[in-house]
Amino acid sequence: MVNPSGTKALAQELIISDKVDYLGGFVFTPNALAVAPLIQKAKVPTVLFNAATSIIVKKSDYYVRTSFSLWQVTVPMAEWAWKQGIKTAVIAVTDYGPGNDAEKAFRTTFEKLGGEVLDAIRMPLQTTDFGPFMQRIKDKNPNAVFVFLPAGPPSFAFVKSYNENGMKDAGITFLGTGEMDETTLEALGDAALGITTAYHYSGAHQSDKNNAFNKTREKLFPGSASNLASAGAYDGTHVLYQMIKAVGSDRTKAVDSVKGMAWESIRGPVSLDPDTRHITQNVYIRRVAKDENGKLINKEFETIESVPDLGLPK
Ligand code: PHB
């Protein structure tokens, strides 16, 4: 839930009353931004498990990010789309930090390659009725619609509307990042088959590490799914652990201690960029397909290696 003032009050309580040394979490960008002055002043290392607008890590020296940024995954999406012969696109994003980053990243990359953006639609965060947006997209008759909405219910409602409004049959290819979230994928059903997105993690990522993670997750939480939140928290916890191990009670040195750190994640090889404190990682092009049990998954088929946050000046 987007609630910057509530988040700030809770963080204040944790830092001042409970005297916590580290913070971790933060799904929504506005919530993360709201605590930046607090963690800067109190020198509290804070690991962002999700919030994905590039600028956040610039707002405090105490931020480290183990999720992704919209620039990081959108540039590869735009490049891939161009390579497929997609020449025209409409952009449709949720109108706040990550959506605005996604819009800019897609437009900049796609136009530089020679593509044409026919319309850019900014949708309110609270919207649940996407019918009118589908009509506006259809009217432009683009080759593709590039989309960003927060993963989970908003993305689900948008994709459902895309399917129900016959957008695919109208020849409008869906392009996105985290909209095929594993927690809602099954509910989209076969209509999702073939949808292509670019992202840093798929629950179906093929590696021993991810297979072991999936097994343990299923044992602990039967019927759950591995998704972006799993990867962000898995690595966020790893970074918190390493910081505490390296510096003990002197948390002021904690962020420095993990700059440049590299490890193997459930998403593949990753490292922390010493300049931006943001995670450098592979970006995968994936397509919704069925696994051997008939379950819908994001099947990775192309890898762009070692991508930094392309939205931050180095
Ligand atoms: C964000 O607010 O930064 C955010 C939230 C949900 C996502 C991605 C980014 O799926």
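1. Val-258 counts as buried in this predicted model, because its relative accessibility is 1% and the cut-off for a buried residue is under 20%. This valine lies in helix α10, which covers residues 254-258. Leaving aside residues up to four places away in sequence, Val-258 touches Val-64, Val-239, Gln-242, Met-243 and Leu-272. Phe-110, by contrast, is 148 residues from Val-258 along the chain, and the C-alpha atoms of the two are separated by 35 Å.

2. Thr-29 is found in helix α2, a helix that runs over residues 29-42, and with a relative accessibility of 4% Thr-29 counts as buried. A polar contact of 2.7 Å joins the side chain of Thr-29 to that of Thr-53.

3. In the loop between β1 (23-25) and α2, Phe-26 has a positive phi of about 75° although it is not a glycine. In the loop between α2 and β2 (46-48), Lys-43 likewise has a positive phi, near 55°, and is a residue other than glycine.

4. Is Arg-217, a charged residue, buried or exposed? At 12% relative accessibility Arg-217 counts as buried, since the cut-off is under 20%. Arg-217 is found in helix α8, which spans residues 208-220, and its side chain is joined to that of Asn-214 by a polar contact of 3.2 Å. Apart from residues up to four places away in sequence, Arg-217 touches Pro-222, Ser-224, Ala-225 and Ser-226.

5. Ala-191 sits in the loop between α7 (182-188) and β8 (196-199), and at 33% relative accessibility this alanine counts as partly exposed. Once residues up to four places away in sequence are set aside, Ala-191 touches Asn-163 and Lys-168. Val-159 is 32 residues from Ala-191 in sequence, and the two are 9.3 Å apart in space, C-alpha to C-alpha.

6. Turning to the protein as a whole, its secondary structure comes to 10 helices and 12 strands. The radius of gyration is 19 Å, close to the 20 Å that the globule rule gives for 314 residues, so the protein is as compact as a globular protein of that length. Taken along the principal axes, the C-alpha atoms fill a box of roughly 60 × 40 × 35 Å.

7. Buried residues make up 54% of the 314 residues in the protein. Among contacts between residues at least 6 apart in sequence, 64% join residues at least 24 apart. The protein exposes about 13800 Å², and carbon and sulfur atoms supply 53% of that area.

8. On charge, the protein has 34 positive and 34 negative side chains, and the centres of these two sets lie 4 Å apart.

Definitions and conventions: Residues are numbered from 1 along each chain as its sequence is written. This is a predicted model: local features need pLDDT of at least 70, side-chain atom pairs count only at pLDDT 80 or more; totals for chains, interfaces and linings use all residues. Side-chain values use heavy atoms; hydrogens and water are left out. Helices (H or I, at least four residues) and strands (E, at least two) are DSSP runs, numbered from the N terminus. Buried means under 20% relative accessible area, exposed over 50%, partly exposed in between (1.4 Å probe, protein chains only). A polar contact is a pair of N or O atoms within 3.5 Å; within protein, one must be able to donate a hydrogen and the other to accept it, and residues adjacent in sequence count only if both atoms are side-chain atoms. Contact means heavy atoms within 4.5 Å. The radius of gyration is taken over C-alpha atoms; the globule rule is 2.2 Å times the number of residues to the power 0.38. Accessible areas come from the Shrake-Rupley method with a 1.4 Å probe; for residues, only the protein chains shown count as cover. Lys and Arg count as positive and Asp and Glu as negative; His and the chain ends are not counted. The place of a charge is taken as NZ of Lys, CZ of Arg, CG of Asp or CD of Glu.
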